[in-house]
Amino acid sequence: MAKWVYTFGDGRAEGQSGMRDLLGGKGANLAEMSNLGLPVPPGFTITTEVCTYFYAHDRAYPPELRGEVEAALATIGRQTGKRFGDPENPLLVSVRSGARASMPDMMDTVLNLGLNDATVEAVADASGDRRFAYDSYRRFITMYSDVVLEVGHHHFEEALELYKERRGFDLDTDLRAEDWAELITRYKAIVASELGRDFPQDPQEQLWGAIGAVFGSWMNARAIKYRELNSIPASWGTAVNVQAMVFGNRGETSATGVAFTRNPSTGQNALYGEFLINAQGEDVVAGIRTPQDITEAARLASRSDRPSMERAMPEAYAELVRIYGVLERHYRDMQDMEFTVEEGKLWMLQTRGGKRTAKAALRIAVDLATEGLISKEEAVSRIDPASLDQLLHPMIDPKAEREVLATGLPASPGAAAGEVVFSSEEAEAARKAGRKVILVRIETSPEDIHGMHAAEGILTTRGGMTSHAAVVARGMGKPCVSGAGSIRVDYAARTFTVAGRTVRAGDTVTIDGGSGQVLHGQVKMQEPELSGEFGTLMTWADRARRLKVRTNADTPRDAETARNFGAEGIGLCRTEHMFFEGDRIVAVREMILADEAEGRRAALAKLLPYQRADFVELFAIMKGLPVTIRLLDPPLHEFLPHTDEEIAEVARQTGATVEKLKRRAAELHEFNPMLGFRGCRLAIAYPEIAEMQARAIFEAAVEAGRTTGEAVTPEIMVPLVMTRAELDLIKARIDAMAAAVAEESGTLVAYQVGTMIELPRACLIAGEIAETAEFFSFGTNDLTQTTLGISRDDAATFLGPYTAKGILEADPFVTIDQEGVGQLVRLAADRGRQARPGIKLGICGEHGGDPASVRFCETVGLDYVSCSPYRVPIARLAAAQAAIGGKTASQA
């Protein structure tokens, strides 16, 4: 038979901290504190299973619940010497929510429940303080009406403010018992007017109304949004905690407060928090009165003239210090505690793991390990890898006001502000003039590389999390908001409009790549800072992980950034990004326009020195670490001009006619370029392209090896292979060029030729391909597109509803689809190893920097992941956690 209610208090409890799935976080911790012998007001928890039942049975309760609740109320009554509903000796209770995951301020609370016109007099007589009794009653009416009866809080606030104004009162504490009694009459009249019925006087009706409201709040709008943002399943449900009231509003010897055992902003090992004398919990967070510091040191630091708890209530403060030590040692983590002092006695109302900034989380984890409370591996496991973004990029000041113009996808983290520009040329000119800009485009293409480099951040109205703008911005470490579909860009007018507002070129906007928000004006920022704890924790992480972490880097700046973040090589160098700089694009266009191989070779000869110099720099920076270079991949039409003005300029540069340029562009036009003339198909049709790139790689390897003294072993990657025959043909050209360079230079370069696995067919015949390929690198961006049949540039228009409705657990371009794409990766890895034992396996799609995807790569046994430079620390930490988690699972 199911048990629906668990009691706690008086030094014992039916539950404990390990039962948070059933009792919720609050209920489990109240039980645990009771078992530890700490002063906890007695109470009981209605389990999360009741919440599940409630929603599965049209908001009805299990038939046994009422009897279990009545028995639990009787138990509280015996422990307190009071009885719920007794008009002469009433037990008053609080009713609070408590999900298994902390959801601060997302659901509803009711205090002082059980008060009515009769019991308020009994409380006044028993306490000898009529003001306290009526103050508590008016608070209860306000809270219960708002939470349960849905009579808005503002009705009562307006009545209170009007009353204070007419009587000349400034503060709530100025009101006397008779004032509160008069206001209570007005409050009840408000309820009757709004609802057409009186405020409930029956304590049982009050209790079940509050219990229903807490369960109902699990599905309120703010709770649903919080769960969505924090990946909390709706199926978890919430528990309800009913607890005997203790009162912080019983005069100058009573108080209420919130404290953290360590500073949640900095991680400093010092008690941190606020309290209020003669108040209840909502007063601390409502902002009606200014809270006081708990410690004397904090009071002095804030220059407050109001006494600290340490001075005003030394005995209660000493007990709080003792308890926080007990709780931190027991839970082995920083705690967030709520407490009440009632006539000098301290009561603990809650403890939970405290929310903290990424900076504080690092310091706390390292300090706890140094203090011996946790192991180094546990310290590594406690840091959310994604939170490191806070430390690596500028962020918007949490205290800053935000005027949101639009919201898109959080495509690349960090924040940036600048003048709006609409072209890459404008961005570059502005940077040379010393102005900071945000590049606004409908969508970006490889031609925008120079503008993206010049801009502080990028905003696009189309594209998803793995669009060109998103991928390149992450590689550059620049903030990007993509897919902001509510924005309409007018290039001709040099404006964009959104929600009836027009933003012109030169106007200032701020973008938040962490939230996807586009903000009006320049918003205050916080600059990133890496503490010593960051280095310490990453050292511990590197010792724990098995997976190597490489970077996706196309420029020396990217490579140096990644090396500084601990990258162990380059897993993807996209050579096409090198072709758009300076005079190179002219030579590329000459090659495309050439009618014969001889003309193409002549144009490619102009590119060879540039490519070689690029590779020399990358090899030198990596100093013998592996460098994987992908041969030319994108369709050739991406390198050609589009507008009449651009075509005329290119005709002038290349000596070709406008007609020839337009004809060639028309010949190369494709209805679906992603599945068109690209990847290895270019090298099959125009082998001279692969030959030039191979020569540049081998000559650079020879030169860099001589310069650095470190042997260079390049890994040459052939993209978009669907048959072994394609790879055989291209590998033969690469091998021939290696032999030619060796003969010319007198230096033999060791190298590997492999392929990028990005088509389902390649996964299925991976064993056959592995007979030629010496390594596989899974290009999961394109593998996701070709497996799911979804264009990553268009997915933003419909993926939101798919994830919201549970059709897909997550955006498959952000977190790898393990059931589909993941199965293909696993199959290809297994078949590749069977054909070539010891084959090197890695992943170079954007999933390489996603913690959940890194965990998957660990389970498949890949050798490395590769990600954009600023995600290298995230991947290192995620790889360590995956290894630790796998070891723990194998020992279980």
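This is a predicted model: local features need pLDDT of at least 70, side-chain atom pairs count only at pLDDT 80 or more; totals for chains, interfaces and linings use all residues.

1. Axes here are lines fitted to C-alpha atoms, for helices over the stretch in contact, with angles from 0 to 180 degrees between N-to-C directions. Helices (H or I, at least four residues) and strands (E, at least two) are DSSP runs, numbered from the N terminus. The α27 and α28 crossing is right-handed, that is, the near helix is turned clockwise from the far one by less than a right angle.

2. On the α27 side, the residues that meet α28 are Pro687, Glu691, Ala694, Arg695, Phe698, Glu699, Val702 and Arg706. Their partners in α28 are Arg733, Ile734, Met737, Ala738, Ala740, Val741, Glu744 and Ser745. Contact means heavy atoms within 4.5 Å. Sorted by class, this contact has nine nonpolar, one polar and six charged residues. Ala, Val, Leu, Ile, Met, Phe, Trp, Tyr, Cys and Pro count as nonpolar, Asp, Glu, Lys and Arg as charged, and the others, Gly among them, as polar.

3. Residues are numbered from 1 along each chain as its sequence is written. Local features need pLDDT of at least 70 and side-chain atom pairs count only at pLDDT 80 or more, while totals for chains, interfaces and linings use all residues; side-chain values use heavy atoms, with hydrogens and water left out.

4. The largest nonpolar core has 104 residues, and Phe615, Phe619, Val718, Ile734 and Phe776 have the most contacts inside it. Helix α27 (residues 687-708) gives the most to this core, with 11 residues. A second, separate core of 68 residues includes Phe156, Ala159, Phe169 and Leu207. A nonpolar core is a set of buried Ala, Val, Leu, Ile, Met, Phe, Trp, Tyr and Cys residues joined through side-chain atoms within 4.5 Å. Buried means under 20% relative accessible area, exposed over 50%, and partly exposed in between (1.4 Å probe, protein chains only).

5. Leaving aside residues up to four places away in sequence, Val718 touches Leu631, Cys680, Leu727, Ile730, Ile734, Val753, Gly754, Thr755 and Met756. Thr755 counts as buried, at 0% relative accessibility. With the same exclusion, the contacts of Thr755 include Met717, Leu727, Ala773 and Phe776. Thr755 and Ile716 lie 39 residues apart in sequence, but their C-alpha atoms are 7.9 Å apart.

6. Helix α22 (residues 584-593) is largely enclosed by the rest of the structure, because nine of its 10 residues are buried. Two arginines, Arg584 and Arg589, are among those buried residues. The buried residues of α22 pack against α23 (597-622), α24 (644-654), α25 (658-668) and α27.

7. In helix α31 (residues 780-788), the buried residues are Thr780, Asn781, Asp782, Leu783, Thr784 and Gln785. Their cover includes α19 (468-476), β29, β30 (775-778) and α33 (821-835). Gly789 follows α31 and has a positive phi, near 70°.

8. Which residues other than glycine have a positive phi? Arg59 is one, with phi near 65°, and Asn278 is another, with phi near 55°. Arg59 is in the loop between α2 (48-56) and α3 (65-80) and is partly exposed, at 48% relative accessible area. Asn278 is in the loop between β8 (272-277) and α10 (281-286) and is buried, at 16%.

9. α3 and helix α8 (residues 203-217) pack at about 115°, with axes 13 Å apart. This crossing is right-handed. Leu65, Arg66, Val69 and Leu73 of α3 make the contact with Gln204, Leu207 and Trp208 of α8.

10. For the chain overall, there are 35 helices and 32 strands, and 56% of the 892 residues are buried. The C-alpha trace spans about 105 × 65 × 55 Å along its principal axes.
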